[in-house]
There are 4 protein chains.
Amino acid sequence: MIIVMHPDATPEEVARIVEKLQSFGAVVSLSTEGGRTVVNGTVETLLQDEAPWDSFPGVERVMPVVRGGRRVGRDFRSDDTVVQVGPVAIGGRSLTVIAGPCAVEGREQMLTTAQAVHRAGASMLRGDAFKPRTSPYTFQGLGKAGLEILAEARSLTGMPFVAEVIDPRDVELVASYADMIRIGTRNMSNQALLREVGRQAKPVLLKRGRAATVEEWIDAAEYVHTEGNPNIVLVERGVRGFDTSARNTLDLTAVPVAKLLTHLPVMVDPSHAAGRRDIVPALARAAVAVGADGVLIDVHPQPEAALVDGAQALIPDEFAALMRDLEAISSIVGPR
Amino acid sequence: MIIVMHPDATPEEVARIVEKLQSFGAVVSLSTEGGRTVVNGTVETLLQDEAPWDSFPGVERVMPVVRGGRRVGRDFRSDDTVVQVGPVAIGGRSLTVIAGPCAVEGREQMLTTAQAVHRAGASMLRGDAFKPRTSPYTFQGLGKAGLEILAEARSLTGMPFVAEVIDPRDVELVASYADMIRIGTRNMSNQALLREVGRQAKPVLLKRGRAATVEEWIDAAEYVHTEGNPNIVLVERGVRGFDTSARNTLDLTAVPVAKLLTHLPVMVDPSHAAGRRDIVPALARAAVAVGADGVLIDVHPQPEAALVDGAQALIPDEFAALMRDLEAISSIVGPR
Amino acid sequence: MIIVMHPDATPEEVARIVEKLQSFGAVVSLSTEGGRTVVNGTVETLLQDEAPWDSFPGVERVMPVVRGGRRVGRDFRSDDTVVQVGPVAIGGRSLTVIAGPCAVEGREQMLTTAQAVHRAGASMLRGDAFKPRTSPYTFQGLGKAGLEILAEARSLTGMPFVAEVIDPRDVELVASYADMIRIGTRNMSNQALLREVGRQAKPVLLKRGRAATVEEWIDAAEYVHTEGNPNIVLVERGVRGFDTSARNTLDLTAVPVAKLLTHLPVMVDPSHAAGRRDIVPALARAAVAVGADGVLIDVHPQPEAALVDGAQALIPDEFAALMRDLEAISSIVGPR
Amino acid sequence: MIIVMHPDATPEEVARIVEKLQSFGAVVSLSTEGGRTVVNGTVETLLQDEAPWDSFPGVERVMPVVRGGRRVGRDFRSDDTVVQVGPVAIGGRSLTVIAGPCAVEGREQMLTTAQAVHRAGASMLRGDAFKPRTSPYTFQGLGKAGLEILAEARSLTGMPFVAEVIDPRDVELVASYADMIRIGTRNMSNQALLREVGRQAKPVLLKRGRAATVEEWIDAAEYVHTEGNPNIVLVERGVRGFDTSARNTLDLTAVPVAKLLTHLPVMVDPSHAAGRRDIVPALARAAVAVGADGVLIDVHPQPEAALVDGAQALIPDEFAALMRDLEAISSIVGPR
């Protein structure tokens, strides 16, 4: 680790840093540049979290040489992780398309949609029973009844399903029905929830927080892994930006960057990124072309009757046409 | 509510919107502008959440006339709310200064700091027993033992204390010790937690999420209020920005804006916004000048030994000097 | 145009707005919602720029119904514009790939690169003679000598070239050599320069400003068009974001959004967006898949000797491999 | 300078970097950390701009130890610069308040406003003759006639005035009338213009670009200084953010940060940051409290008749009340 001292730092302040570094077994060398003492402390373990280096008197800047020490990192495992969800292998050789309505609104809506996306070639089903909403006065999901409808849709189509959980006390319930558990963007930094889904066995779909850097997103995955659950799939879904023409700024750069930093599969949710139907197919095509392991697409048989996010849902015919493009692009970008 | 139809919208599509608006009792008038039909639906209740208006075929844009219908909003109550925390009245005529270490690290550290900030004129104590951290491998707080030390610091100084809660299952425990409960920036959108603190009686300090608009922050407060707890204080603590010279971009504009939109008190946390000690006093002075009801300041007797966020903590002498400035500025900006 | 009055607006304040709207020939209707008077003024011309509506006493919010009135807008022309640059048709049925070094550094570097990208199938050449740099102490370009080298590269390969201009006084010079003129991201809001390139005949490549919304980017194009030059190509090249893993946040959402709002071709520059070579191919593939009319790719025969932006340049072999992918993806996304 | 090699870097790649560093006279030392070779090259001059270090094969990360080498930097001069504009000393012991309309719209408007702000205690006058506007169809300023009116206002009140220049070919004209020249936010990266104002003698007010980091803003000032003009005042005026409740996100953190990095005076423009009158006084108070050397305030005798930015202008009475607060806060924050 490199520690740059302030031009006015005293010899005592430098000595204190050196001594502290040595107390962790570091070999320390000093050099001078731009009127500053540069302290280089080297040791096998990561020093950056061992002490509040930037709090020491006389320190101008702390520059860790390596970010790392994470089990979800490439340094820990160089092969790509493949996450198995029933018959579906996310991160494997074929593209994973998860489709369905944003929320389960009723039995007929869910079953109709499930059959339509199954026919069009989707691999997995989505549909939430617990919805985090910006306003407390809007539809918050059907709860357990919604999970039962999802289970029925799974029986009907053979497709596994993923459902969101928003409360650590509901993890056991959701896990008892769903094939995969989703942590939404609002809860990426909810560490109580991350730990709880880390303690159960179902694979986890972890959405990126709206203002999270790629590094922070990977740190959130580490919270899940650390509790014992290595089956994690990252999902880019747009970050907060200044342009209001779409709901979020889809950050496709994050896909190759995350794949360089971690061995986890990375998917993209263009529907929630866009918030508007007309640009969803273009963004989905781009997501596959950038190298994502799959996409999540909102599909609704009758968007204008949707209780949640109807404006971004494709109708089944649009989804079927999109599937054909995604498979063709995937065949060029692959062999995965 | 105003709904602008697409230039290519059919008469049937317009009729469908009109009919839907009328089904909620709205009086509807139509006009034409820029080749578009403009539908104006007027009724006493708020229509925007009643149907997915932007999902209807032919709709180009939905423009709600009024944002509102929130109990924490100025429309609901025009007088300022004063939140009482033991002897301290936040939002009242005097400035509230909450000070202490970021985390409780031990008995001596906490008691020393408590006495120092008390002497300097602070009104309340801060110090966390449960810490949400970016990495799972760093110090996560002392838990219940930390709360007991905080209670001892309260006895010693007579100052009430606020502590963070990060898991809905810990709310009862934290509330049994603390005088006020804090929801941190990572959990502003954790609705399970918001509802849980809304169901207990202790006042709530609600930090703004790192990527939350002012409107979304107020919506989060509504989640707490809706469960029965009206004693909420908002805290601006910096949003995510592109400049890396400080940890966050302190958004002081949000203070007067939030005070126009809600009747809740608004405080500022310059320490967590800055992440570096040298600019904390300047930002604290600005926070008081912009009209905040108070500030939260990290103080640590020995920042280089701090386990969490030492780089941003003032030492007690710096804090005492700052207190004098804050009181002087407050006397100009007030009578509150 | 819709003007929402403040709940406390007086009848006189409402009357004043009504009268002002009527003075422009608008038909005015009034309604009430949420305790506010809603004024709806309708007329053929766009009213929003006619008066400072939000400056009138009693006004709470101004909501223009239509954004528009721009010659570069879809309302003005519904067919796609095709911009002809010598033999190259940008926005036509085939993908346009502009490649070359960031800056012309010397004769050999430029000619070698030109031949290499020509062999790999590029349609046009890039290379700058005038470089805007963050620091005044770095290489600023070869000036006129650089333009002469570019002209030689054109003769050698038959490919037209685009070069940046950064000073209105250099427009004539650059236009006398180049086949197309580029306005860089730093100058998207430099209206003196926009007007100057609008007054000459060569087509213009207009990069999006680093903090410009899609609407503001289109407004910048309107400055060029308004002076008489309709041959404008928009280039998305990344916006300022909070994640530092790449130099910018490439905003591919802007591509379909801009194509809905304007009839101009839209290209993407993944090299300047990324600032790092390893993710450029993935972003280029995504750009084609999202529907861009072409891409700009930095290519350098020896990136570690580059004077400008070597870290983002592909070597010729990498570029040739990428070309094959881009053509394949283009054939799926098209028929253009 | 520290260069971290990739874990897979070959000995030849390391040797190449070492040799290149030595070619600039650097003393090089190597260490190992986290499986990476860390190369530390030390020399008196700044190495970071000498070669494209991140373009060399095998390099993972380049970490300059010192940012610097700028004449506007604290390393170059530790004393605060005071910029003299006629009788006004910006950066000196007293607060500088520059006030006036956004644009000169006519003789009466300008003279009335000048007298009003003079009476209220302003030190300098603002008012533009050349206006950069987002749309080419809105008012663009009175040009030379506007400058003549400003000169008349100066004669009337004795106050020097600042006016914006947006075209390098107008610098001489504006400089022949104005006491100080302003570079607006849209042109902070317009290096042709920066160089031109650097070549004349009038002091320069340099606004921060909407997406510029503090470092980039200081680099822009260096462009002016490098041409021979050291009389530069920085102005923070809000950056692009995601919240739409004000026009920009005023970044007051940038004020103390910039003052640590440069010796130039730093002012704040709360009017253009806010874009709405009701929060301007609060932001102005905060700007003075955070330590700015002064503020720019839009004042208009009749905001609803303003051709530009009326919504953010204070009326003269509001301005006079604000002046009293600013002076009181300044007296607490100072002795400057």
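## Barrel of chain D

In chain D, eight strands form a closed barrel in the order E7-E8-E9-E10-E11-E12-E13-E14, with parallel pairing. On average, neighbouring strands of this sheet are turned by 25° against each other, direction ignored. Helix H2 (residues 107-120) of chain D packs on the sheet, where it touches strand E7 (96-100) and strand E8 (124-126). The direction of H2 makes about 150° with that of E8(D). The model described here is predicted.

D:Ile183 has D:Leu206 as its bridge partner in E11(D).

## Relation of chains A and B

Chain A is superposed on chain B by a rotation of 180° with 0.0 Å of shift along the axis, at an RMSD of 0.0 Å; this is the relation of a two-fold axis. Both copies use the same surface, since 98% of the contact residues of chain A recur in chain B. The residue of chain A that comes closest to the rotation axis is A:Ala211, with its C-alpha at 2.7 Å.

## Aromatic pairs

Over all chains, the structure holds eight aromatic pairs. The pair A:Trp53 and A:Phe56 is stacked, because the ring centres are 6.1 Å apart and the planes lie at 25°. A:Trp53 is buried at 2% relative accessible area, and A:Phe56 is buried at 6%. Together with A:Phe24, these residues form one aromatic cluster.

In chain B, the rings of B:Phe24 and B:Trp53 are edge-to-face, with centres 6.0 Å apart and planes at 70°. The two residues are 29 residues apart and link distant parts of the chain. B:Phe24 is partly exposed at 27% relative accessibility, whereas B:Trp53 is buried at 2%.

Terms used. Residues numbered from 1 in each chain as written. Chains lettered and ligands numbered in written order. Predicted model: local features only at pLDDT ≥ 70, side-chain atom pairs only at ≥ 80, totals over all residues. Heavy atoms only, no water. Pairing = 2+ DSSP bridges. Helix = DSSP H or I, 4+ residues; strand = E, 2+ residues; numbered from the N terminus. Axes fitted to C-alpha atoms, helices over the stretch in contact; angles between N-to-C directions. Contact = heavy atoms within 4.5 Å. Least-squares fit on C-alpha atoms with pLDDT ≥ 70 in both. Phe/Tyr/Trp six-rings, centres within 6.5 Å; stacked < 30°, edge-to-face > 60°. Buried < 20%, exposed > 50% of the residue type's maximum accessible area, 1.4 Å probe, protein only.
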